[in-house]
Amino acid sequence: MSFMAEYQNNMDSKGRVILPVKFRESIGETFIIVKGIKDCLLIYPMDEWQKFAEKLDRLDMNKANHRAYKRHFLGSSVETELDSLERLTIPQNLRKFAELEKELVFLGQGSYIEVWAKNKLEEVTAEYDIEAIAEDIGEF
């Protein structure tokens, strides 16, 4: 399974948004929505979430940064499903974290999906120089 492409959609005042068709086809009946690293949310199909959660379980709980990292993801994770109208309801605490209002962008990221407020994504992408990043990463 590989999520890719960018889709935009509007969220209503109750935090409901229609998940793009291409993503609905692969996401499964239940999935996980969780805080991302910077100003976004992440959506994981259950099988990919299990892989990620297993990695989190291997972190060294004697290290404060490891505990914080695990807490960030597991503490904010919500198992959810689409309603009968194919809408995802984003919990209030996650909407607040990602500063989601109305215009959302869904970005396929391979094994998961990022959910951004449109204006936040524009700010973040304006901050980086993809040419310099490509040079730093090199051939992979």
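**Close-up views of a predicted model**

At 13% relative accessibility, Lys-120 counts as buried (buried is under 20% relative accessible area, exposed over 50%, partly exposed in between, with a 1.4 Å probe and protein chains only). This is a predicted model, in which local features need pLDDT of at least 70 and side-chain atom pairs count only at pLDDT 80 or more, while totals for chains, interfaces and linings use all residues. Residues are numbered from 1 along each chain as its sequence is written, and side-chain values use heavy atoms, leaving out hydrogens and water.

**View 1. Lys-120 and Glu-123 meet in a salt bridge.** Their N to O distance is 3.8 Å (a salt bridge is a side-chain nitrogen of Lys or Arg within 4 Å of a carboxyl oxygen of Asp or Glu). Both residues sit in helix α5 (residues 118-127), 3 residues apart, about one turn of the helix. (Helices, H or I with at least four residues, and strands, E with at least two, are DSSP runs numbered from the N terminus.) Glu-123 is partly exposed at 43%. Through shared partners, salt bridges join Asp-39, Glu-99, Lys-120 and Glu-123 into one network.

**View 2. Arg-24 and Glu-86 form a salt bridge.** Here N and O are 3.5 Å apart. Arg-24 belongs to helix α1 and Glu-86 to the loop between β5 (78-81) and β6 (87-89), so the pair ties together parts 62 residues apart in sequence. Arg-24 is partly exposed, with a relative accessible area of 23%, and Glu-86 is also partly exposed, at 35%.

**View 3. Lys-70 reaches Asp-57 in another salt bridge.** The closest N and O atoms are 3.3 Å apart. Because Lys-70 lies in helix α3 (residues 64-76) and Asp-57 in helix α2 (residues 46-57), the pair links parts 13 residues apart in sequence. Lys-70 is buried at 18%, whereas Asp-57 is exposed at 52%.

**View 4. Strand β8 is largely enclosed by the rest of the structure, because 5 of its 5 residues are buried.** Ile-113, Val-115 and Ala-117 are on one side, with Glu-114 and Trp-116 on the other. β8 pairs in the antiparallel sense with β4 over 3 bridges and with β7 over 5 bridges (strands pair if DSSP finds at least two bridges between them). Look for Leu-41 opposite Val-115, and for Val-105 with its bridge partner Trp-116.

**View 5. The largest nonpolar core has 21 residues.** Such a core is a set of buried Ala, Val, Leu, Ile, Met, Phe, Trp, Tyr and Cys residues joined through side-chain atoms within 4.5 Å. Those with the most contacts inside it include Leu-41, Leu-88 and Phe-106. β8 gives the most to this core, with 3 residues.
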